[in-house]
Amino acid sequence: MYRLTKKKSTRSLYLTIILVFLISLFTAFVYYFVLIDELEIKPKTIVNNNDNIEKQINYRLSGLELGLKQNRDLLKSIRYKLDKVFKDINENINKQNEEIEILDYIRDNSICLSKKSENVFKSNISLSDVYEELKFDNTDGGVWKQGWELIVNETAFTKANKLKVFVVPHSHNDPGWIKTFDRYFREQTKHILDNSVNKLSQNTKLKFIWAETSYLSAWWETVKDDQMRVKMKQLAESGQLEIVTGGWVMNDEANVHYFAIITQLVEGHEWLMDHLGVKPKYGWAIDPFGLSPTMAFILKEMGFEGMVVQRVHYAIKKYLAYNKQLEFRWRQSWESNVDNDIVAHIEPFYSYDVPHTCGPDPKICCQFDFKRLPPSRVKCPWKVPPQKITDNNIHQRSLLLLDQYRKKSMLYKTKSLLVPIGDDFRFDKTDEWDLQSENYQKLFDYMNSRPEFNVEIKFATLSDYFESLKGQTNLPTLTGDFFTYSDRDDHYWSGYYTSKPFYKRFERILESHLRSTEIIYSLATIVNHHSIDRLNALLPMFVYARQNLALFQHHDGITGTAKDVVVNDYANRMFKSLENLEKISAQSIINLLHYETNDLNELKFVDKLPNSYTPSVKTVFTIDNNDQIWYFVIFNSLGFSTHELVCIHVKPILNNWCIKDNDGIQVENIQINKVWAMDKLLDDRIEACFTIHMKALSLVQYSVEVCNDIKSHRTPSAVTLYNFDNKYNNITENIISYDETPTEIHLETDNIGLKFSGADGMLRQMTINDMTINLRMKFMTYGTRPGSKKVQKSGAYIFLPDNENAQDLVYSNCKIRITKGNILTKFETIIEKPIPIRHQIAVIKDKKYIEMENEFLITHSLFGNKELMIRFFSDIENSDIFYTDLNGFQMIKRKRYTKIPLQGNIYPMPTTVYIEDEMHRLSVLSGQPLGTTSPRSGWVDIFLDRRLLQDDQRGLNQGVVDNRKTRETFKLLLERVSTVPSRVPQELKPTLESQLELQKLLTPPVLMYSTFKSTLSEVYFLHNPFPCNIHLMNLRRSSKGNKYNLFLHRWAVSCEAKCANASAIELTKHFSPIVTKSLQPLISRMSLSALYEKESDISIDSKLNINEMHINVYQLQT
Ligand SMILES: [Zn+2]
């Protein structure tokens, strides 16, 4: 690290001299020739390194532009030529300097200026425009409460234009909700699947769709009769039983990260191919509480042709229904290629149960749910029970039902009508199968036999329905998302964005470990493929981890909307998964670095979870004898190199310890911090922090050991305490205690200046890279709607605040602890009452962001029915506009509306929220999914946790009171958005910095330790990092052992990042020979879940083009 810095500074001095000369020369050129004639610049005149040349030139050009408005066109053409020149320069630089730091990328604003306005296709329906237009007034529509009275036009149905009704039997099986996955399977799902196989085999007219592969897998494993498996395979192959979506679960779409969506779908699809030999083509997401276009993108990339969704805000449903736009081609906001749209279908009514799927009147539809035939325990709440279909009533019953079908069909453009029949865990008893199939078949036969009805009706699957749509009509295109969902009144489902954040954070930790283990495991099996027996033996443990990460993506898993017993089951599965990943990573690293031991228990994570309900703790390395050596290995799973802070806890019984790098050279600069638990000093250990440089995709070994000749500077940080007990003054060096807090506290490092208030221990002002903004933070709370038990209140799903205004969290005498060192500086605020909170703002040397960490426990009885939130008050003038991400995959613009209540203005923040004005963008990157909003210009709210004492009447039947001690991590970035006079709007693209910092927050390097030494101390798998916007999303070994799917994601980053131009990569130029030499020379390009081969026999050294925003999958073979 030190050496590198020195080298750099010499180089920049040298370059600066050349630059000054070149810039003067160039400026002279421009002044002389711009007004006379178009300038011809040949690359050679300025080919000579360094980033600053472009910055300087751009600066000059920008100045010129202001004065020479009339010559704008001319300048544009010069810029175009300069771009070409710079491209050449940069290609040269990249070739010459493979060590170049990722953040040293070329910031070239001329790209922004010269960029032609992209040919973005305008969609017919933009949901943000619909939001603008709608009143959200919730008028009573009669029997269709959230719609209007529908009157059938009898003449619309003729012999030539019959209504085609596709009745689709389904059963919605939550993989955990009120019961655990296993209990549901044992008591209900097993029977549903048994019966489906039997009943479908007996009646070929009957059809059934199934979505959750986790349950298929459980059934497959437990079914005793092999003939049942054969039958299921036949039914799936023939399409009589259609697998829809086919993910491990029907995932949530608000909190999930796109890596996890892809993982859970790949897991399901791989199982389906291996066991049933089928590829799902249609999506089915009837229960997720709001819907994301990321899902549409992913399904399309997986080869899907259509999708059905259900939980859309009732006002949006009504609007789309009124305009016959409930079927559309869902388009991504950045997309210009029509081939990337996917056909989507929204069910128009309140729910996916039978009363709400046949037509607008639930009182009538319920009469056609034959499970409710008396004397069934399940009854129709509208008090009119179904009637068994007989010869006497069939005419009347048919007309009654057909009228509903016709009314529903009026909401769509075509004469094809989808009618799901089913509900949660339906079709578990043979009786129900018989009642539904027999009564419906009678109705179908009768209706089909009456020509004057002009109807064709049958049992069907989604394929049958979507096939019938093909070529019928041109569907409108739609862009946008379906958050925040409301099913009725002002009941917005924004609570689940934050419910049970402990497990939301746990999920992100597991996700990060799953990704890094996938990659290291694949690399280990590729590189040492002759000795992979031990690794092969671990595959079942790996599959367990993949499947349980997948399981938690369920829409009652990561959402925090399952019963406590189910949450504990998920947590135990995730904990066990993490233990499995630790072992698999250990064995992979042992193989790769040739350890002295082959025992995988000898290599452990440094950060470990003691159990499934506490935050992680750090392993303490005791140095108590002269031969003591702790080895630790650091894995950078990212495709770029980086300088990262590493902190380990040491118990130095002997004082002459040191840290050595992979070359055996002592780390020169170590910061020594004291270790605290809230306000208590843990004086048996210290924290040693140092910076390491990690090459792209590399493993490197360090050690902590006794050294006779200490060369490093072990600099203790200085600790200042306010409001602490005085006792630390006397017993411990480098601590100064004060009884009183000053009104203002300033902290300065090289890049960053922070100003805090002493009164509440919270930030007031922030300066990063010469940009200063007032930024005040405050913990605040919301209560829930007051009143009797009958009043709807907040619960696991729903947020219904007591007031539009949040209350301050009132506390006094907070303790403040400042730890100031030459690498890391921390400002910690410790609040004891009413709830314990540790709030930390940290700054790391050479980093241009601040870190925020909040640790809290809100179980105190005073905190019942409260939501904890942190508010940022800034002077950024964002008005009512803010931006949030969808699934960590794309950004979306949000607008705060006064016509929508507070709870409806809250949006999911799976990873990011930012606000901006002409000058600055303030981004908050989050290590866990939470809810967010901007309640006023300059403000950002982030919900941290919630404790709710009652059920919110959506079936869970309990509140949220199992709060855990939770640690949440964030990064805050302040960026200049306007560096050029005429900025091209780039609002939907994060900067490269924020993409990189987010990636590092979500997938930090993995630290493991051992007392055994490895033979190799460093391996790097990329000898040339990927271009800075190509993200190594995954390298996943498939169930067919020698196949590996490489997922490369090309980020969209704002225009000034030069790497945005580099779309083609060559694998052999990046992967080290140790990797490529074991690979076959030909690779294939696959669809996103590897179900389809898109292109075969591609040479491994050919140029691979990855479009912006896309994730390309290449299948490699050993
Ligand atoms: Zn569900």
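Predicted model: local features only at pLDDT ≥ 70, side-chain atom pairs only at ≥ 80, totals over all residues.
Biologist: Fine. Which residues are the protein donors of the zinc ion?

Modeller: His 172 and His 555 each give NE2, while Asp 174 and Asp 287 each give OD. These donors lie 2.0 to 2.1 Å from the zinc ion.

Biologist: What angles do the four donor atoms subtend, and what arrangement does that make?

Modeller: The angles run from 91 to 166°, which makes the arrangement irregular. For reference, ideal angles are 109.5 degrees for four tetrahedral donors.

Biologist: How are the donor residues spaced in sequence?

Modeller: The pattern is H-x1-D-x112-D-x267-H.

Biologist: His 172 and Asp 174, buried or exposed?

Modeller: Both His 172 and Asp 174 are buried.

Biologist: Changing topic. How many disulfides does the structure hold?

Modeller: Four. One of them joins Cys 358 and Cys 365, with the sulfur atoms 2.0 Å apart. The torsion about its S-S bond is about -90°, so the disulfide is left-handed. Both of these cysteines are buried.

Biologist: And Cys 366, what does that pair with?

Modeller: Cys 366 forms a disulfide with Cys 380, and their sulfur atoms are 2.1 Å apart. The torsion there is about -100°, so this disulfide is left-handed. Cys 366 and Cys 380 both lie in the loop between α13 (362-365) and α14 (394-409), so the pair ties together parts that are 14 residues apart in sequence.

Biologist: Why do Cys 366 and Cys 380 count as buried?

Modeller: Buried means under 20% relative accessible area. Cys 366 is at 0% and Cys 380 is at 9%.

Biologist: Where are Cys 658 and Cys 707?

Modeller: They form a disulfide with sulfur atoms 1.7 Å apart. Cys 658 is in strand β20 (residues 657-660), and Cys 707 is in the loop between β23 (698-706) and β24 (713-716). That pair links distant parts of the chain, 49 residues apart. Cys 658 and Cys 707 are buried.

Biologist: What about Cys 814?

Modeller: Cys 814 has 3% relative accessibility, so Cys 814 counts as buried.

Biologist: Last one, helix α17. How far apart are its end C-alpha atoms?

Modeller: They are 39 Å apart. At 1.5 Å a residue, the 27 residues of α17 (residues 501-527) should span 39 Å, which agrees.

Biologist: How many of the α17 residues are buried?

Modeller: 27 of its 27 residues are buried.

Note on methods:
Residues numbered from 1 in each chain as written. Heavy atoms only, no water. Helix = DSSP H or I, 4+ residues; strand = E, 2+ residues; numbered from the N terminus. Expected span 1.5 Å × (residues − 1). Buried < 20%, exposed > 50% of the residue type's maximum accessible area, 1.4 Å probe, protein only. Donors = N, O, S within 2.8 Å, 3.2 Å for Na, K, Ca; no water. Tetrahedral: all angles 85-135°; square planar, octahedral: opposite > 155°, others 65-115°. Disulfide = S-S within 2.5 Å.
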